[in-house]
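Please open the model in your viewer and keep the selection tool at hand. The stops below say what to pick and what to look for.

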Amino acid sequence: MKGDTAKQFKVLVVEDEEKISDIVRLYLEREGYSAKIAGSGAAALKLLKDKYDLVILDLMLPDMDGEAVCSAIREFSDIPIIMLTAKSSEDDRVAGLGLGADDYVIKPFSPRELVARVKAQLRRSRPSDKKIISSNNGSLIIDTDSMEVLKDGRVVPLTSTEFRIVLHMAERPQMVFSRAQLVNLVQGYDFEGYDRVIDAHIKNIRQKIEDDPHRPSFIKTVHGAGYKFIGGIDG
């Protein structure tokens, strides 16, 4: 992805270990990305007042934990977030993604793999086709141009991963998607515990778009199989 296409992307690396941040920046810049380093959570939140395209976020920071930084970012932005951490348990991964992170890379890591994850997130963060999908007489509107979902006329604060899940399912109403299919859609690969990660994403989505998350009108659980979009497609 070298060249002019990559140069338009700005990546914020939130990492207090200088050796790691320097290596990450080097590999990103080799691929043509613009990379900025923030050594603390407070510095990252200040820098994010400017426009960035993706955040690489370490969970162990000197002033505040990465989970708190992730939650703070999600208060004002749906920017893709890749968590970078030594925490490797399935519960940690699920918790991180449940907070709104889009991917989770475990230390020690391959810089090339991290750059590949960055490429994948940026590639998926913008749908290639411009379209508007309206469901249930305009109750839910999905706009791929603005990457926004509106519920009863109000913008729903979905993360980029949540947006991709809703869009992909709404494009194929009544089709049952397994958890493995959905995780490959949003991550490009599967991993141990992926089923719980998808369940966490679906729970977050329902909290945002359903009038009653326990009696959904848009995303239904198909027990033993996965999920499907059940909202009617207008027009």
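**Before selecting**

The model is predicted: local features need pLDDT of at least 70, side-chain atom pairs count only at pLDDT 80 or more, and totals for chains, interfaces and linings use all residues. Residues are numbered from 1 along each chain as its sequence is written, and side-chain values use heavy atoms, with hydrogens and water left out.

**Stop 1: E15 and K107**

Select E15 and K107, which form a salt bridge with the closest N and O atoms 3.1 Å apart. The term salt bridge here stands for a side-chain nitrogen of Lys or Arg within 4 Å of a carboxyl oxygen of Asp or Glu. This pair links distant parts of the chain, 92 residues apart: E15 is in the loop between β1 (10-14) and α2 (18-30), and K107 is in the loop between β5 (103-106) and α6 (111-124). Helices (H or I, at least four residues) and strands (E, at least two) are DSSP runs, numbered from the N terminus.

Are E15 and K107 buried or exposed? Both are buried, where buried means under 20% relative accessible area, exposed over 50%, and partly exposed in between (1.4 Å probe, protein chains only). Under the same cut-off rule, the count of salt bridges is 15.

**Stop 2: D199 and R179**

Move to D199 and R179, whose side chains meet in a salt bridge at 2.7 Å, N to O. D199 belongs to helix α9 (residues 194-209) and R179 to helix α8 (residues 179-187), so that this pair, too, links distant parts of the chain, 20 residues apart. D199 counts as partly exposed because its relative accessibility is 28%. R179 is also partly exposed, at 22%.

**Stop 3: D53 and K51**

Next, select D53 and K51, a salt bridge with the closest N and O atoms 4.0 Å apart. D53 counts as buried, at 17% relative accessibility. K51 is exposed, with a relative accessible area of 62%.

**Stop 4: aromatic pairs**

How many aromatic pairs does the structure hold? There are 2 aromatic pairs. Rings of Phe, Tyr and Trp (its six-membered ring) pair if their centres lie within 6.5 Å; planes under 30 degrees apart count as stacked, over 60 as edge-to-face and the rest as tilted. F9 lies in the loop between α1 (4-7) and β1 and Y33 in the loop between α2 and β2 (34-38), so the pair ties together parts 24 residues apart in sequence. F9 is buried at 15% relative accessible area, and Y33 is buried at 3%.

Then select F218 and F229, with ring centres 6.1 Å apart and planes at 35°, so this pair is tilted. F218 is in the loop between α9 and β10 (219-222), while F229 is in strand β11 (residues 226-229), 11 residues apart. Both F218 and F229 are buried.

**Stop 5: charges over rings**

Show K10 with Y52: the charged end of K10 sits over the ring of Y52, 4.6 Å from its centre. The criterion is NZ of Lys or CZ of Arg within 6 Å of the ring centre and within 35 degrees of the ring normal. Then show R30 with Y27, where the charged end of R30 sits over the ring, 5.0 Å from its centre.

**Stop 6: helix α7**

Finally, select residues 160-170, helix α7, which is mostly covered, with 10 of its 11 residues buried. Among the buried residues are F163, R164, I165 and M169.
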